[in-house]
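Thanks for coming. I will go through one model today, element by element, and keep it short.

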Amino acid sequence: LAGGVAHDFNNLLTVILGSADLLLETLSADSPQREDLTDVRQAALRAAALTRQLLAFSRQQVLQPVVLNLNGVLEGTERMLRRLIGEDVVLTVRLDPELGSVKADPGQIEQIVINLAVNSRDAMPDGGQLIIETRNTEVDASHGAPNSADAPGRWVMLAVSDTGTGMDAATQARVFEPFFTTKEKGKGTGMGLATVYGIVKQSGGYIWLYSEPGQGTTFNVYLPRVDDPVEAQAPAFSPTSLTGTETVLLVEDDTAVGGVAQRILEGYGYTVLTASDGGEGLALAQRYDGDIHLLLSDIVLPTLSGPEVAQRLAERRPATRVLLMSGYTPEAVTRRGILEAGTALLQKPFTVQGLAAKVREVLDK
């Protein structure tokens, strides 16, 4: 239910955000309508954040996992964490120098760390200690670890502990439920730990909780250990210009989303060919005489999926670059693993500049 709601809302929010951005570009700096449109845009961005949390809980996010070391992620977020938790909370970070690697989405791992740290901070209103640790561990089936050929029990553990108020048994039983919160109204959505739970599960791991009232709380996150070497992270891409003259084949079954994407791309100078499903897109590509520089396709389409369209198009037009869009990943897509490593992905909902920058990045790389 959560995944389905989030999927439909992501399409609606794409239209709202895109239309608001397009209108804002037509208004002068002193236009009285700018404030109202900015409010619409900000509300849509907040709604988009909520749908991302719902997708995380329902394990239907589009993840882009790489082989990484958790120590590197923690070192990259430590400065931000110190700002988030405030001066009255003492942060201690203990990293195992022999830590093994995991295969996970680095952005989602950062989200786990931030959400757990913020939750700990809120449990220590008068200050305290926050301890973050990493270490290798082996857990057998009797302690709750998955027992299969794919997960023989070699794990990398991330532990986040605090000296806060702690939780009773009744609270612990519900702590990962979406929208469950012990905070006063307006202080939280109740989605932080639900998001952590979903990310960990979708990454093939599990999470363990120990807490006592007045004694603090510890969350242990276990992720499967892998032997592959850590992958180098590509540097961030910064286009010098968002405009282009290339031809884009746009395949999107939601008419409103497709219309917004077409207007955005044409506004930046691109020639746009549109199709509402995969079969129509392939037929259009076969009829078109000119070059098609980019396929911009939704992942979930009637008849053929976006990755299947890309695969078939590559047989006829190997030079065409591919950018996939998605508001969620259905179970069938995740199970078949049809999103190959390195596939360019644009998450819905997107902004005008977000779409234009991602298209330019895929074309220029």
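Is Val40 buried, partly exposed or exposed? Val40 is partly exposed, at a relative accessible area of 39%. Those words have cut-offs: buried is under 20% relative accessible area, exposed is over 50%, and partly exposed lies in between, with a 1.4 Å probe and protein chains only.

Before going on, some ground rules. This is a predicted model, in which local features need pLDDT of at least 70 and side-chain atom pairs count only at pLDDT 80 or more, while totals for chains, interfaces and linings use all residues. Residues are numbered from 1 along each chain as its sequence is written, and side-chain values use heavy atoms, with hydrogens and water left out.

Back to Val40, which sits in helix α2, residues 33-57. Helices here are DSSP runs of H or I with at least four residues, strands are runs of E with at least two, and both are numbered from the N terminus. Together with Val5, Phe9, Leu12 and Ile16, Val40 forms a nonpolar patch on the surface, and the accessible area of the five comes to about 410 Å². Helix α1, residues 2-26, gives the most to that patch, with four residues. A patch takes residues with over 30% relative accessible area and no salt bridge; like charges are joined within 9 Å, and nonpolar side chains (Val, Leu, Ile, Met, Phe, Trp, Tyr) within 5 Å. The areas come from the Shrake-Rupley method with a 1.4 Å probe, and for residues only the protein chains shown count as cover.

Helix α2 also holds Thr51. Thr51 is buried, with a relative accessible area of 4%. His7 is 44 residues from Thr51 in sequence, and the two C-alpha atoms are 8.0 Å apart.

Next, helix α7. The helix runs over residues 255-267, which is 13 residues, and spans 18 Å from its first C-alpha to its last, close to the 18 Å expected at 1.5 Å a residue. The expected span is 1.5 Å times one less than the number of residues. Which residues of α7 are buried? They are Val257, Gly258, Val260, Ala261, Ile264 and Leu265. Down the axis of α7, the buried residues fall within an arc of 165°, so they line one face of the helix. That arc is taken from the directions from the helix axis to the C-beta atoms. On the face turned away from the buried side, α7 carries the exposed residues Thr255 and Gly267. At the start of α7, a side-chain oxygen of Asp254 comes to within 3.1 Å of the backbone nitrogen of Ala256. After α7 comes Gly269, with a positive phi near 105°.

Now the charged pairs. Side chains of opposite charge can pair when their charged atoms come close. The structure holds twelve salt bridges, where a salt bridge is a side-chain nitrogen of Lys or Arg within 4 Å of a carboxyl oxygen of Asp or Glu.

One of them joins Asp227 and Arg154, with the closest N and O atoms 3.1 Å apart. This pair links distant parts of the chain: Asp227 is in the loop between β7 (216-226) and β8 (247-251), Arg154 is in strand β5 (residues 154-162), and they are 73 residues apart. Asp227 is exposed at 64% relative accessible area, whereas Arg154 is partly exposed at 29%.

Lys348 takes part in a salt bridge with Glu252, at 2.9 Å from N to O. Lys348 lies in the loop between β12 (345-347) and α11 (352-364) and Glu252 in the loop between β8 and α7, so the pair ties together parts that are 96 residues apart in sequence. Both Lys348 and Glu252 are buried. Lys348 also forms a salt bridge with Asp298, the closest N and O atoms being 3.5 Å apart. Asp298 is in strand β10 (residues 294-298), 50 residues from Lys348. Asp298 is buried too, as is Lys348.

Last, some backbone geometry. Most residues other than glycine have a negative phi, and most peptide bonds are trans. What kind of peptide bond joins Lys348 and Pro349? The bond is cis, with omega about -5°. Pro349 lies in the loop between β12 and α11. Thr303 has a positive phi, near 65°. Thr303 lies in the loop between β10 and α9 (306-316), and at 71% relative accessibility Thr303 counts as exposed.

Conventions: A polar contact is a pair of N or O atoms within 3.5 Å; within protein, one must be able to donate a hydrogen and the other to accept it, and residues adjacent in sequence count only if both atoms are side-chain atoms.
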